[in-house]
Amino acid sequence: VDNKSGFDFRKELFSIYKYILANKYYVMGVHDYFPIQLYRLVLKLGLDLKKFKWTLEFIKKYNPMLNSDCRLNMYNYSLAEYYFQKKRFDEALRYFHKIELNHFILRVDLKNLMLKTYYELDLFENAISLIDSYKHFLSNTEVLSDIEKRKCKYFILAVQNMIKYKTSIKSVSKHQIKEYL
């Protein structure tokens, strides 16, 4: 719920997305491909709202409508996100290892998903290695805005501190972790 009135923006947005899908307002005329940006937003919101059955049906129906150059990667990414949200971390791991990073939109999303999955599976060495490559990626990319880079850096710091907290490498307060998140 977004405010005192009880209005939930995310649920309203979800109903708008469903309306767009039902009426095929995603068709752009030039081609019949489903827009990857819309696909990603609908996927993430469906999972965020815990609409698992609906989201799985969305993946099955709309993934084949994506452009063929990103279809397989988005399918694997979608299932990795789906299984992560269902707390089936081993299956999420299996799917995200099938993804080839040939589409920029997946790079940040996938790195974040991988970090969360490694943390959940106590694969801290994998997480630390990924954090190192993620930091290099952020400092070398010119595509992300400074705001997006800052969000990613705070997320990385939060995960690092969570790992330190969980492994007792250094004293880290829960407050410090919450601050980064």
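**Exercise 1. Describe how α1 and α3 pack, starting from their axes.**

The axes of α1 and helix α3 (residues 52-62) cross at roughly 30° and come within 14 Å. This is a predicted model: local features need pLDDT of at least 70, side-chain atom pairs count only at pLDDT 80 or more, and totals for chains, interfaces and linings use all residues. Residues are numbered from 1 along each chain as its sequence is written, and side-chain values use heavy atoms, with hydrogens and water left out.

Step 1. Helices are DSSP runs (H or I, at least four residues), numbered from the N terminus. Axes are lines fitted to C-alpha atoms over the stretch in contact, with angles from 0 to 180 degrees between N-to-C directions.

Step 2. Classify the angle. α1 and α3 are therefore roughly parallel to each other (angles under 35 degrees count as such).

Step 3. Assign the hand. The crossing of α1 past α3 is left-handed (the near helix is turned anticlockwise from the far one by less than a right angle).

Step 4. List the contact (heavy atoms within 4.5 Å). α1 supplies Phe14, Lys18 and Leu21, while α3 supplies Trp54, Phe58 and Tyr62.

Step 5. Sort by class. The contact of α1 with α3 has 5 nonpolar, no polar and 1 charged residues. Here Phe, Leu, Trp and Tyr count as nonpolar, and Lys as charged.

**Exercise 2. Trace the salt-bridge network that includes Arg10.**

Step 1. Apply the criterion: a side-chain nitrogen of Lys or Arg within 4 Å of a carboxyl oxygen of Asp or Glu. The structure holds 8 salt bridges.

Step 2. Take the Asp8 pair. Asp8 and Arg10 meet at 4.0 Å, N to O.

Step 3. Take the Asp48 pair. Asp48 bridges to Arg10, with the closest N and O atoms 2.5 Å apart. This pair links distant parts of the chain: Asp48 lies in helix α2 (residues 36-48) and Arg10 in helix α1 (residues 9-22), 38 residues apart.

Step 4. Join them. Asp8, Arg10 and Asp48 form a network of salt bridges.

Step 5. Check accessibility (buried is under 20% relative accessible area, exposed over 50%, partly exposed in between; 1.4 Å probe, protein chains only). Asp8 is buried at 12%. Arg10 is partly exposed at 31%. Asp48 is partly exposed at 42%.

**Exercise 3. Locate the partners in the salt bridge of Lys166 and Asp122.**

Step 1. Their side chains meet at 2.9 Å, N to O.

Step 2. Lys166 sits in helix α8 (residues 146-167), and Asp122 in the loop between α6 (104-120) and α7 (124-140), 44 residues apart.

Step 3. Lys166 is partly exposed at 41%. Asp122 is partly exposed at 43%.

Terms used. Helix = DSSP H or I, 4+ residues; strand = E, 2+ residues; numbered from the N terminus. Parallel < 35°, antiparallel > 145°, perpendicular 65-115°, else oblique.
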